[in-house]
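These are my notebook entries on one structure. I list what I looked up, entry by entry.

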Amino acid sequence: MSTYELFTPLEKEDIRKLQVGDVVYLNGIIYTARDEAHAHILELDEKKEKLPFDLEGMAIYHCGPLMVKEEDKWKAVAAGPTTSARMSSMTPKMLERHNVRALIGKGGMPGMADILKDRCVYLAYTGGCAALAAESIKRILSVHWLQLGMPEAIWVLEVEHFGPLVVGIDAHGQDLYEKVRECALTRFSQLR
């Protein structure tokens with residue numbers, strides 16, 4: 001197991017060196033996006049409309065943050081991960097159309113290892129760490145589609161030493177969640 005300090009935008013070489021179980025800290029710009037934001041991105045893609053942000057080499061954080069506006073600037077109060085499996089059905093099309101290099105969330109993305117292979121990694125962030133995550137957000141650069149609601153909008157975050165994130169699915173088709181599940185089932189069958 002290795003620890004990496006990575007900077008966005010990410011290159012393929014950045015993600016190819018990662019293996020399941022490695023620890024990653026991200027620096028640079030990341031985007032929050034939950035269900036509604038994913039659906040809106042795909043809808044705009046279908047209409048061949050340009051997105052107001054560039055996903056090339058970027059990280060999408062499955063997160064519905066709590067933000068406050070102080071004077072004319074937004075500040076993150078809480079920014080913990082949300083369950084990534086909810087975005088699984090939209091992820092294949094998202095990755096076909098955009099070179100997103102990292103997905104961040106909690107709980108894994110069952111059945112996605114082959115889809116992420118040589119394109120993207122899944123980085124797991126521990127649930128319940130919303131305040132810790134907010135501390136790593138240095139600035140909120142912008143927000144898009146606030147009409148979707150605060151948690152569903154796309155927040156453009158500048159982060160520093162964001163993590164620790166564990167590589168849950170690597171770009172080689174390995175899924176840490178599947179490995180743990182198989183190990184647990186094997187151990188359970190031995191105990192019976």
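Entry 1, strand pairing. I began with strand 1 (residues 3–7) and strand 2, which run parallel and are joined by five bridges. I took strands as DSSP runs of E with at least two residues, and helices as runs of H or I with at least four, both numbered from the N terminus. Two strands pair if DSSP finds at least two bridges between them. Leu6 stands opposite Leu26 in strand 2.

The model is a predicted one: local features need pLDDT of at least 70, side-chain atom pairs count only at pLDDT 80 or more, and totals for chains, interfaces and linings use all residues. Residues are numbered from 1 along each chain as its sequence is written, and side-chain values use heavy atoms, with hydrogens and water left out.

Entry 2, other partners of strand 2. I found seven bridges between strand 2 and strand 9, in the antiparallel sense. In that pairing Tyr31 faces Val156 of strand 9. Strand 2 also pairs with strand 3, in the parallel sense, over three bridges. Here Ile30 is opposite Ala59 of strand 3.

I call a residue buried under 20% relative accessible area, exposed over 50% and partly exposed in between (1.4 Å probe, protein chains only). Eight of the 10 residues of strand 2 are buried, so the strand is largely enclosed by the rest of the structure.

I counted rings of Phe, Tyr and Trp (its six-membered ring) as a pair if their centres lie within 6.5 Å; planes under 30 degrees apart are stacked, over 60 edge-to-face, and the rest tilted. The rule gives seven aromatic pairs. One of them is Tyr31 with Phe53, a tilted pair at 5.4 Å centre to centre and 40 degrees between the planes. Its members are 22 residues apart: Tyr31 lies in strand 2 (residues 23–32), Phe53 in the loop between helix 2 (35–46) and strand 3 (59–61). Tyr31 counts as buried because its relative accessibility is 8%. Phe53 is buried too, at 10%.

I then looked up Trp74 and Trp155, whose ring centres are 5.0 Å apart with planes at 80 degrees, so the pair is edge-to-face. This pair links Trp74 in strand 5 (residues 73–78) to Trp155 in strand 9 (residues 154–169), 81 residues apart. Is Trp155 buried or exposed? Trp155 is buried, at 0% relative accessibility. Trp74 is partly exposed, at 23%. I also noted one aromatic cluster made of Tyr31, Phe53 and Trp145.

Leu66, Val68 and Val77 make a nonpolar surface patch of about 210 Å². Patch residues have over 30% relative accessible area and no salt bridge; like charges are joined within 9 Å, nonpolar side chains (Val, Leu, Ile, Met, Phe, Trp, Tyr) within 5 Å. A salt bridge here is a side-chain nitrogen of Lys or Arg within 4 Å of a carboxyl oxygen of Asp or Glu. Leu66 belongs to strand 4 (residues 66–70) and is partly exposed, at 45% relative accessibility.

Entry 6, the protein overall. I counted six helices and nine strands. The radius of gyration is 17 Å, close to the 16 Å of the globule rule for 192 residues, so the protein is as compact as a globular protein of that length. That radius is taken over C-alpha atoms, and the rule is 2.2 Å times the number of residues to the power 0.38. Buried residues make up 48% of the 192 residues.

Methods. Areas by Shrake-Rupley, 256 points an atom, 1.4 Å probe, with all protein chains shown as cover.
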